[in-house]
Structure formats: C-alpha cells, structure tokens
There are 2 protein chains.
Amino acid sequence: MQTTKNERSERYAVSFQDVVAASQRIATVIHKTPVFTCESLDRLIGTRIFMKCENFQKTGAFKYRGASNAVMRMTPDQRIAGVVTHSSGNHAGAIAAASQRVGCTAHIVMPSNSTEVKKAAVRSYGGAITECLPTLADREKVSVEIQQATGATMIPPFNHPDIIAGQGTCALEFMKQVPYLDVMVSPIGGGGLMSGTCVAVDGVQPKLPIWGVEPTGAADAHESKLKGEWVPQTNPETICDGLRTSLGDLTWPFIRDRVDEILLADDKQTTRMMQFIWERSKLIIEPSCAVVLAALKEKIGSMDSPPAHVGVIIGGGNVDLTNLPWN
Amino acid sequence: MQTTKNERSERYAVSFQDVVAASQRIATVIHKTPVFTCESLDRLIGTRIFMKCENFQKTGAFKYRGASNAVMRMTPDQRIAGVVTHSSGNHAGAIAAASQRVGCTAHIVMPSNSTEVKKAAVRSYGGAITECLPTLADREKVSVEIQQATGATMIPPFNHPDIIAGQGTCALEFMKQVPYLDVMVSPIGGGGLMSGTCVAVDGVQPKLPIWGVEPTGAADAHESKLKGEWVPQTNPETICDGLRTSLGDLTWPFIRDRVDEILLADDKQTTRMMQFIWERSKLIIEPSCAVVLAALKEKIGSMDSPPAHVGVIIGGGNVDLTNLPWN
C-alpha cells in the first residue's frame, strides 16, 4: 500500500494500530496457536511450509479472534442488549462462544437446513438459535427483526472493522513466531481474514508478498482483481464451505491494493490435499484450508526459484466427520 | 519397584540408565512432540488431561523412538547386513524409516491381507516388503528365512531391551514438559511402551502412580495381573489394532510389578471418544489412543477425589481414513 498515513486511514477501514490494539485486547482469551511443519508436505510441495494452526483456536477456527475483539469492544449497555448475527458456519460458533465469555446473549440466525452438528456446536457455546429460510434475504430479514426487537448489536462475519482487526492478530502472531517468512498465504472468502492479514503484514514486513487462495468454484476475488473492480460471487459451487461468500466493501480495497496474486485450486485437488494432510500431519483441517495448500503445490511447482519459507494460515478444522469428501 | 539396584538389574531387562542413554542417542532424530490440552475434554472427563502427542512423532507413532534406538545401537557391520521384522502396523513403518535414515536395508514381513495404505507407508520409507500368510507362524517362519539368507538383525516390535528403552524416552520427555503430573496413563499392547514408561517414571518420579489401559476385547495384561501370572492373549477382538498382541517375557515383569491398575473400555466407548477428540481437539488419534481416554472417563467419573493432573501418552495417529469406525 504505497500511501501516506493519512491517505491510508481515509481509504481503509482498519489501521495497523487497530490490529495491535485488538491483539492486546484479546491476548488473554484466545489460544496462541502453534506453527506446524511437516517434512512430507515440504517434499510434496517443494519448499518449506509453515502452518499457523488456527484449527487449534478456540471454537476450532480463526473466527474466534474477530468475534472476541468485536464483543470486547462493546459497552456494558450493549452487552446487556446482546448480539445478533447470521451464519451457518464458524462465525456462528465464534460469536456464541465469545459472547458467552462476557455474559452476553448471542442470537444466531441459522438456515433451517444447517446440519445438526453445526447447531449443536452453537448451542454448546450457549448461543440462542433462530431458524430462517435458507436464503440470504431471509437470513438478513430475520436478523433485523431480532435486532429491532431486542436492541442487540449486529456483528457481521467479515465486513466490519472490529472483525477485520481481530482476524489480523493471527498474521501478527505468526510473523513473531516465524520472523523469516518469504511469502504470506491465506484463503479468501468474504475477505475478513485476508484484510486483517494485509494490515498486519503491512505494519510488520511491508515488503512481504501476500498470496490469496480461492476455490475455482468461488473465485470472485480472482475475477475482481482481473477486472479491477468488485465482482460479487453468484452461485458458488465448492466443498470449501468457508469460502463461498462475496467480498464486502470494507474488505475489497485490501484485496485490490495489497494482495499480489490470487491462486486457485479445484475441489478434486483440495480433497486430495485434505486427505494427505490428515494422513501425514495428523491435523484435522477444513477444505477451506486444504485448498490453500493444493493451490500452493501447483504454484510452487511452476516456479524456477520458489520462496524458501512459505507461511500459510490454516483457518479452521470444523468438519462433518460423518460426511468426508473422499468417502 | 521396591528393589535394590542389583536386584533390579537382575530382574528387569532395562534400567533407567538405558532409557537416559536412548534419549541422548535419538535426541536429534526424533521429534520432541508437543503436549496438548483441551478444555472440552477436561469438562467431559472431569479433570485436567495432558496429552503427549506421539501422533505427531515421525511415522505417526511412538514406535519411531524404539526403532531408532535399536537401529542406532547396531554396529556398522550389522547395518550393512540390514534389519528384519514382521509387523503389519506402526512398528513396520518405524523400522523402515529408522533404517532408511542410517542407510540400512529394512526387510519388512507383512501379512498378504495388509491394507494397501499400510504397505504404501512402509514403501514410502524405503522398506523392502516380503508378503507372508496372515498367521503368526508364517510371519515368524518367513522372517527367520530372511534373517538366515541375509544375516539381517531381527528387531521385534516390543520384546527387546533397545525397543523398551527407546519407548521409555517418551515418558521421560513428558515428565520434563509437565513436571506436576499426578498419574501417568499409557495403553498396553505388547507392553513395550508401558515397560519403558515404568522405567522412566521409576527413575524420575518413583511415587507417581501408573495406570495401564486395554480394550475389553484384548485384556490379557488385566487378566495376567488378576491371576498374578502371565496369561497370553488369544483371539483378540477389538478395533484397537495396536493393542491386540500378548505381553512378552521382558515386558510382563514391568506390568506385574510397577503398573498400579489396568483400566478397560469397550470398542463402542472407544469409537465415541475417538470421534469426540477428532471433533473437538482437531487431533487425529488412533483407536489404540482413544481407548485410553474412554477408560479414563469411566475411572475419573467413579472417583471421589480424582488426580488433578493426568498425563496420557497418545501413541499414534495412523488410521485408515476411508474406513472410519463411526461410518
């Protein structure tokens, strides 16, 4: 981001100072997740891969960072009124758990066709589930109704400064653990994790290249970058359930200006890589993480002098074990 | 083991000094595996559980410790002649990988009905597979033939001093990482890991209680302890494929004299616990590890004042992902 400090704060929703403040705010409530390496993965991909294991984060995903930051930024009065969000995935569990920790009611609007596993997870973190029709329109409608009835604060899954700043703490921590990375790689769904990553990298190692990864079946960020303008995602088709959403107006500028390249992998490559990691690393990772390693395998294989130390954010490990893609 | 040093060395195949020497010998070739905790597991079992994660050991199991120790104790001439063993499980991969590291041929005798996954693992570590009939008699016969033809050194899976000493390095490391354990818990198959654990605990924390765990379908150590004499395992029936074997004459004395109690769990409890750990901890663990946590859940639940800090050796994470017990 070749801008002065003032231009930056005008153009972007989140500053490096926001990420540092978030990091201090949530330090005692999150897990400082470990960084794993795996020799057979390195042999497969052709360089040294460092995996920042957010699958070991509380609630099983990096989403707990942003959710905690957002909830902890709320005033006592806001906490009494509660929070509301709509999500069928990791954000739902993260908001429920982060709210429970501060004694705040979390209203989670979930589509009626959400799996029992996902509902059980939200319930186990004390979330109050309201079911809706499985359409974005109905999710938003029901959320607004709850918000109006209760006065709860809406915390969306990615397009929110506190969420972006919270997710940025992951890359911040990662660069302290491995200070010699040559490239930072992260998946792109709605862009919350990637935007936070951009801000953190820009503050610590401004020259570090950043690569994003998307599944071929939901490549809206890739397309947006090609066109130079924001293209929304329609009809996503991928097993990477965390990466089906469109970018938001707060996240697109980071992807537009700071992400050097967007890599792609299809679901077949993702499934194969997911099984490889489970078998060799003994780490349970989601398809939305396996897609990153699958795309890296192609990319590194095509390079004459690949980066020696590749940092990969492994976003989560919440998988329905009774419905695995290779069975 | 209430014995003098001399009595001890007469009665037991391995001394604390052997374990310490093994630990120094293999220090640079093994992974120092991490210790994991999981809040939802603690809530489920009712006390604080520390998991020594040997599923992250090279080749995916603690067996690499004993195999490395045995191979590294061999003379240059012995290494040239190679090693031979019969195993369809984790010992096979461990011997192959440890041998490959020192440039020594590993002849692995595997039953013809071994899964392709297991054969592929042995091959990937450079092991030379010879197939045999799926009977213990034929496994031994073929192994002896190879031994006679090549002069290779036989390294059995557990009933061998170098193997026992190598496996003991796991508990030794564990007690350094968590010096305030109130009980040490480990599974019992052939008894190699448990014997090494007894020696290590006896040398570092002689008053620390040791609990063993077996599946109800292969409870030979439990029965042997009850009768006060070694009872071999016949017709084991359990999904815990690492725990089907009988104790050996070198391992039985440790279990007889130093293990305070043997807990049991059935396959249904084991399967349920395995799924819980995969879902909550994001760790891939084998049935032979899940059985330990399942038995602990029963045991801790029945105690008025359970131990506050329970150390559990998680032996391995090699699982056929296309054939999971809950599917």
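Predicted model: local features only at pLDDT ≥ 70, side-chain atom pairs only at ≥ 80, totals over all residues.
Residues are numbered from 1 along each chain as its sequence is written, chains are lettered from A and ligands numbered from 1 in the order in which they are written, and side-chain values use heavy atoms, with hydrogens and water left out.

Chain B can be laid on chain A with an RMSD of 0.0 Å by a turn of 180° and a shift of 0.0 Å along the axis, where copies are superposed by least squares on the C-alpha atoms of residues with pLDDT of at least 70 in both. The two copies are therefore related as by a two-fold rotation axis. Among the residues of chain B, B:Leu283 comes closest to this axis, with its C-alpha at 2.8 Å. The same surface serves both copies, as 100% of the contact residues of chain B recur in chain A (contact means heavy atoms within 4.5 Å).

Over all chains, a search of the whole structure finds twelve aromatic pairs (rings of Phe, Tyr and Trp, the last by its six-membered ring, pair if their centres lie within 6.5 Å, and planes under 30 degrees apart count as stacked, over 60 as edge-to-face and the rest as tilted). One of them is the edge-to-face pair of A:Phe36 and B:Phe56, at 4.7 Å centre to centre and with 65° between the planes. Because A:Phe36 lies in strand 1 (residues 35–36) of chain A and B:Phe56 in the loop between strand 2 (48–53) and helix 4 (63–72) of chain B, the pair joins two chains (helices, H or I of at least four residues, and strands, E of at least two, are DSSP runs numbered from the N terminus). Both A:Phe36 and B:Phe56 are buried (under 20% relative accessible area, with exposed over 50% and partly exposed in between, for a 1.4 Å probe and protein chains only). Ring pairs also link A:Phe36, A:Phe56, B:Phe36 and B:Phe56 into a cluster.

A:Glu286 is placed in the loop between helix 13 (267–281) and helix 14 (287–301) of chain A. Leaving aside neighbours within four places in sequence, A:Glu286 is in contact with residues including A:Asn90, A:Asp241 and A:Asn318. A:Glu286 is buried yet has no salt bridge, and the nearest side chain of opposite charge, B:Lys282, is 6.9 Å away (a salt bridge is a side-chain nitrogen of Lys or Arg within 4 Å of a carboxyl oxygen of Asp or Glu; Lys and Arg count as positive and Asp and Glu as negative, while His and the chain ends are not counted).
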